[in-house]
Amino acid sequence: MGRRAVMLAGGGLAAAAIWPSRRALAQASGNVVRIGVLDDMSGPFADQQGMGDVVSARMAIEDFGGQVLGSPIELVFGDLQNRPDIGMGIARRWYDQEGVDAIFGIGNSAVALAVQQLTREKDRINVSVAAGTTDLTGRGCTPNGLHWTYDNYALARGTVSAMIGEGKRRWYFITSDYAFGHSLEANGTEIVRALGGEVLGATRAPLNETDFSAHLLRAAQSGAQVLGLAVAGTDLINAVKQMGEFGLTKRGIQPAALLCLLTNVKAIGLETAQGLVFTEAYYWDQNDETRAFSARFARIHGRPPTMFQASMWGAVTHYLKAIKAAGTDAAPAVMAKMREMPINDFMTHGGRIREDGRVIRDMYLMRAKRPSESRGEWDLLEVVKTIPGDQAFRPASESECPALRRT
């Protein structure tokens, strides 16, 4: 990146990509626009968020020219460690002591819900890129928060619809025992039943579970045709690998990942993952635009981006465009511009922000390739179907967000 980096004391944080020339013509508050990326940097989701999100945010800042309204753009990042107390501590310090204007990423649902309320209190902006809970644009919606890439409803709807369309109506869930997993299971259950399917049971697994044998035994005994995996990161990798070891797939139980990413499929391996169905917002090999961004990203990070890492670029870019259009970095004016402007970039075409903060974008039903179909190390997936944004996400009429219920 070739930019001067300044370390910030405490909390394992670093400031990066600080551009020179802080001149009197700066119109931003404090003569600087400061962006924070708050994600899992060292835990089970680090490969799919983590420093890849930081790389993408840096790319967006650099592509924007390193300044806005005559003021330099600074980037800080922190490790939320999947703990609300730690995530909130970093966010509060950023807002109160370090002048952070907006926080991006927030890749844990429990942390994201807490930070979103803090952001409203401090009148800043948060953009949840990697958290999945639908409460961010439901009961927990705020005027200051956006839910950018996906949510658990969209993931569940795409995947469940595909499985039931193949006649696989009997489901069992293995669920991560925290806000993300609970939300994903609830959305999956709702959609299974709405489409005429049946949920035969569920079991809750702690975050960072290493032994899924007891959970898989219950699933095998249930008579289910589909095992809905409401887990993510290394938990998903372990669960799918152990499904193969226990022979559940050979016994006709189809794994359906309710959140799966490129790096997860790579870690599982195509021999085990082949045929795995899931829903995504992005795949690096979709078209010339996605391949071009992926090649730039890979030169820095060593591999193609996940949907979180790719969409971080779009989220930061959209925020900076809104500051420029608003002529200020004050949260209310910037949020108004973000909502007003369409979202168009290499992965999103004709996206828009609904009043509850939900970004409406197309989603994609994905399937892991057979080993014989793969043409290279990261040629792992095929796009089976495009799901239009107005079909992918929960309708506004069903939202629990007070902002929508008043309309």
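## Charge over a ring and aromatic pairs

In this predicted model, the charged end of Lys266 sits over the ring of Trp378, 5.3 Å from the ring centre; such a placement requires NZ of Lys or CZ of Arg within 6 Å of the ring centre and within 35 degrees of the ring normal. Residues are numbered from 1 along each chain as its sequence is written, and side-chain values use heavy atoms, with hydrogens and water left out. Because the model is predicted, local features need pLDDT of at least 70 and side-chain atom pairs count only at pLDDT 80 or more, whereas totals for chains, interfaces and linings use all residues.

The structure holds 10 aromatic pairs. Rings of Phe, Tyr and Trp (its six-membered ring) are paired if their centres lie within 6.5 Å. Tyr282, Phe293, Phe297, Trp313 and Phe346 are linked by ring pairs into a cluster.

## The disulfide

One disulfide (a pair of cysteine sulfur atoms within 2.5 Å) is found in a search of the whole structure. Cys141 and Cys401 form this link, with an S to S distance of 2.1 Å. The pair links distant parts of the chain, 260 residues apart: Cys141 lies in the loop between strand E7 (125–128) and strand E8 (145–147), and Cys401 in the loop between helix H13 (389–392) and helix H14 (402–405). Helices (H or I, at least four residues) and strands (E, at least two) are DSSP runs, numbered from the N terminus.

The link of Cys141 and Cys401 is right-handed, with 80 degrees about the S-S bond. Both Cys141 and Cys401 are buried, a term for under 20% relative accessible area, with exposed meaning over 50% and partly exposed in between (1.4 Å probe, protein chains only). Cys260 also counts as buried, because its relative accessibility is 0%.

## Nonpolar cores

A nonpolar core is a set of buried Ala, Val, Leu, Ile, Met, Phe, Trp, Tyr and Cys residues joined through side-chain atoms within 4.5 Å. The largest has 116 residues, of which Leu259, Tyr319 and Leu320 touch the most other members. Helix H11 (residues 307–326) supplies the largest share of this core, 11 residues.

Beyond residues up to four places away in sequence, Leu320 is in contact (heavy atoms within 4.5 Å) with Val33, Ile35, Ile61, Phe64, Val68 and Ile73. Another core, of 18 residues, lies apart from the largest one and includes Leu80, Ile103, Ala112 and Leu136.

## Helix H4

Helix H4 (residues 152–165) has 14 residues, so at 1.5 Å a residue it should span 20 Å, which agrees with the 20 Å between its end C-alpha atoms. The expected span is 1.5 Å times one less than the number of residues.

H4 is mostly covered, with 11 of its 14 residues buried. Among them are Asn152, Tyr153, Gly158, Thr159 and Met163.

Thr175 is found in strand E9 (residues 170–176) and counts as buried because its relative accessibility is 0%. Apart from residues up to four places away in sequence, Thr175 touches Gly181, His182, Glu185, Thr203, Arg204, Ala205, Ala230 and Val231. Thr175 and Leu258 are 83 residues apart in sequence, and their C-alpha atoms are 10.0 Å apart in space.

Pro371 lies in the loop between strand E16 (363–368) and strand E17 (381–387), and its 36% relative accessibility is why Pro371 counts as partly exposed. A distance of 22 Å separates the C-alpha atoms of Pro371 and Ser294, which are 77 residues apart along the chain.

How values were computed:
Rings of Phe, Tyr and Trp (its six-membered ring) pair if their centres lie within 6.5 Å; planes under 30 degrees apart count as stacked, over 60 as edge-to-face and the rest as tilted.
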